[in-house]
Amino acid sequence: MESKVLVKRIDMALHVQELCAKHKITVSFDSLKNATPQYWANRRKNAIQIRPTKNTGYYVSALHEIGHLIGEQQNGNLIQAEIYAWVWAKQNAIVWTDTAERIMEKALMSYVKNAKTYNRVARPVLDGARA
């Protein structure tokens, strides 16, 4: 049986900070008071907006935004850019959990019309991007 590695929130937060410092990414933080998170990446300004890294969901979402700036395939269409930002996040995460997988799938499903399209377009790429 495979044992699960315990990764602390501080380790996830430091990982995001280290990546942003290494790639000179400017970070602004969305308030936790906002009911709906407001994540974004701006390639022209090399900047992201994320939530403070308080849990796995916020961590993988931050990695996803970083993936928009330094990941591959970011000049294509929207769904391609989204898929490959998640590929980058998954490949570079220090931990990838079932929660992370659900967050990624929910986000990607918001960009496609139905599960059939998701399974045809996104799943093959993501399956090749094992954490």
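## Salt bridges, a ring pair and a pocket

Author: Start with a contact between charged side chains: Asp-30 and Arg-51 form a salt bridge, with 3.2 Å from N to O. Keep in mind that this is a predicted model.

Reader: Where in the chain do Asp-30 and Arg-51 lie?

Author: Asp-30 is in the loop between β1 (26-29) and β2 (40-42), and Arg-51 is in the loop between β3 (47-50) and α2, so the pair ties together parts that are 21 residues apart in sequence.

Reader: Is Asp-30 buried or exposed?

Author: A residue is called buried when its relative accessible area is under 20%. Asp-30 has 5%, so Asp-30 is buried. Arg-51 is buried too, because its relative accessible area is 4%.

Reader: How many salt bridges are there by this rule?

Author: The count is two. In the other pair, the side chains of Lys-90 and Glu-101 meet at 3.2 Å, N to O. This pair links distant parts of the chain, with Lys-90 in helix α3 and Glu-101 in helix α4, eleven residues apart. Lys-90 counts as buried because its relative accessibility is 2%. Glu-101, at 17%, also counts as buried.

Reader: What span should helix α3 have?

Author: The 15 residues of α3, at 1.5 Å a residue, should span 21 Å; the C-alpha atoms at its ends are 21 Å apart, so the two values agree.

Reader: Which residues of α3 are buried?

Author: The general idea is about direction. An α-helix has 3.6 residues a turn, so residues three or four places apart point the same way. In α3 the buried residues are Ile-79, Ala-81, Glu-82, Ile-83, Ala-85, Trp-86, Val-87, Trp-88, Ala-89 and Lys-90.

Reader: How is a pair of aromatic rings described?

Author: By two values, the distance of the centres and the angle of the planes. A search of the whole structure gives one aromatic pair. Trp-86 and Trp-96 make up that pair, with 6.5 Å centre to centre and 75° between the planes, which is edge-to-face. For the label, the angle has to be over 60 degrees.

Reader: Which parts does this pair tie together?

Author: Trp-86 belongs to helix α3 and Trp-96 to the loop between α3 and α4, so the pair ties together parts that are ten residues apart in sequence. Trp-86 has a relative accessibility of 3% and therefore counts as buried. Trp-96 is buried as well, because its relative accessible area is 16%.

Reader: How much space lies in the largest pocket?

Author: About 450 Å³. The lining has 18 residues, and those closest to the centre of the pocket are Tyr-39, Ser-61, Glu-65, Trp-86 and Ala-107. The elements that give two or more residues to this lining are α2 (56-70), α3 (78-92) and α4 (98-109).

Reader: Which element gives the largest share of the lining?

Author: That is α2, with six residues. By kind, the lining divides into eight nonpolar, seven polar and three charged residues.

Reader: What can be said about Glu-65?

Author: Glu-65 is in helix α2. Its relative accessibility is 8%, so Glu-65 counts as buried. The C-alpha atoms of Glu-65 and Tyr-39 are separated by 7.3 Å, although the two residues are 26 residues apart along the chain.

Methods: Residues are numbered from 1 along each chain as its sequence is written. This is a predicted model: local features need pLDDT of at least 70, side-chain atom pairs count only at pLDDT 80 or more; totals for chains, interfaces and linings use all residues. Side-chain values use heavy atoms; hydrogens and water are left out. On a 1 Å grid over the protein atoms alone, a cavity is a set of points where a 1.4 Å probe fits but cannot get out, and a pocket is an open set with protein on both sides within 12 Å along at least five of seven lines; lining residues have an atom within 4 Å of a point. Grid points are joined across faces, edges and corners, and a volume is the space filled by probe spheres set on the points. Helices (H or I, at least four residues) and strands (E, at least two) are DSSP runs, numbered from the N terminus. Ala, Val, Leu, Ile, Met, Phe, Trp, Tyr, Cys and Pro count as nonpolar, Asp, Glu, Lys and Arg as charged, and the others, Gly among them, as polar. The expected span of a helix is 1.5 Å times one less than its number of residues. Buried means under 20% relative accessible area, exposed over 50%, partly exposed in between (1.4 Å probe, protein chains only). Rings of Phe, Tyr and Trp (its six-membered ring) pair if their centres lie within 6.5 Å; planes under 30 degrees apart count as stacked, over 60 as edge-to-face and the rest as tilted. A salt bridge is a side-chain nitrogen of Lys or Arg within 4 Å of a carboxyl oxygen of Asp or Glu.
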